[in-house]
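Work through the exercises below with the structure open beside you. Try each task before you read its solution.

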Amino acid sequence: MSEEKDTRLFAGLRDKLKGTHLYDAKVGAIHLKNKVGKFGNLINANHRHDEEHEQLTDEKRNRITESHRFNSFAPERDGNKIKWYVDGRDYFHAVSVALENAKETIYIEDWWLSPELFLRRPPYFNQEWRVDKVLKRRAEAGVKIYVIVYKEVAAAISCNSAHTKHALHSLCPEGSPGHGNITVMRHPDHNVFENAGDMTFYWAHHEKFIVIDYQMAFIGGLDLCFGRWDNRQHPLADVHPAGVQNEMFPGQDFNNNRILDFQTVENWKSNELSKADFGRMPWHDTAIATSTSVTKASTG
């Protein structure tokens with residue numbers, strides 16, 4: 001009986017302290033303790049699997065995967081409609097159609113997303129099919145858009161996810177239609193002082209998928225970014241004396257990272273790689289579109 005009384009007493013005391021400087025100091029001390037404790041993980045390679053709740057999660061995961069073919073996280077599902085795409089031209093055109101028809105939600109996860117990427121070419125005749133313009137239209141129509149992009153190690157990679165986030169968030173400023181309908185998260189955080197032994201230098205979000213209205217999904221090897229649009233002819237040159245309206249790879253989208261990697265991608269019209277002196281590097285890749293049960297499972 002005395003233990004129950006003590007518990008009620010401390011619970012009441014906690015409630016009274018909430019909102020006070022003393023309570024804030026206590027919470028801050030707990031956070032600091034947990035943060036400092038992470039430094040021990042620098043020498044504990046198994047730190048993500050050594051606590052009881054982590055081991056229970058691992059056991060549950062193993063039981064599920066062992067019941068699936070190839071130890072997959074997901075079971076086989078029949079009756080799905082699937083279409084293959086080879087190279088970016090047809091894939092990005094299909095993505096543009098699906099995005100434009102979104103009614104409720106759009107989920108995008110990419111290693112890199114370039115807001116200024118043209119989904120249809122030539123760009124001169126398809127200005128309205130730039131990624132940012134398509135997403136802006138859907139946000140203004142009330143569609144909720146959620147984007148995750150890899151937060152790069154800036155010293156090694158030049159994709160500038162901060163530009164991606166700021167460019168997309170600025171599409172619908174406060175007071176305008178669509179404000180609040182676009183949410184972008186950069187992940188993971190590489191701050192050693194903040195995350196200590198839990199920091200992540202050596203892996204990246206390399207998923208490339210889009211889920212629309214829980215009905216259709218695109219997944220494969222093609223990010224919505226510069227350098228990925230291509231066709232089966234894989235042209236190396238993009239010089240058009242007859243006029244710029246025939247240009248297929250504007251600005252940063254003309255790339256050959258065997259010669260020069262992307263530079264200052266936030267200035268998408270500029271390009272330090274000369275089209276007159278160098279050919280572009282082709283991009284040969286595949287992706288699929290799928291619908292029905294497998295799509296619902298991917299967001300469940």
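**Salt bridges**

A search of the whole structure finds 11 salt bridges; a salt bridge is a side-chain nitrogen of Lys or Arg within 4 Å of a carboxyl oxygen of Asp or Glu. The model is predicted: local features need pLDDT of at least 70, side-chain atom pairs count only at pLDDT 80 or more, and totals for chains, interfaces and linings use all residues. Residues are numbered from 1 along each chain as its sequence is written, and side-chain values use heavy atoms, with hydrogens and water left out.

**Exercise 1.** Find which parts the salt bridge of R137 and E100 ties together.

*Solution.* 
- Step 1: the side chains of R137 and E100 meet at 3.0 Å, N to O.
- Step 2: R137 lies in helix α5 and E100 in helix α4 (residues 88–100), so the pair ties together parts 37 residues apart in sequence. Helices (H or I, at least four residues) and strands (E, at least two) are DSSP runs, numbered from the N terminus.
- Step 3: R137 is partly exposed, with a relative accessible area of 25%. E100 is partly exposed too, at 24%. Buried means under 20% relative accessible area, exposed over 50%, partly exposed in between (1.4 Å probe, protein chains only).

**Exercise 2.** Is D253 buried or exposed? Locate D253 and its partner R121.

*Solution.* 
- Step 1: the closest N and O atoms of D253 and R121 are 2.7 Å apart, in a salt bridge.
- Step 2: D253 sits in the loop between β6 (216–220) and β7, and R121 in the loop between β2 and α5, 132 residues apart.
- Step 3: D253 is buried, with a relative accessible area of 4%. R121 also counts as buried, at 12%.

**Exercise 3.** How many residues apart are K136 and E140 in helix α5?

*Solution.* 
- Step 1: K136 forms a salt bridge with E140, with the closest N and O atoms 3.1 Å apart.
- Step 2: the two are four residues apart in helix α5, so about one helical turn separates them.
- Step 3: K136 is partly exposed at 28% relative accessibility, and E140 is partly exposed at 37%.
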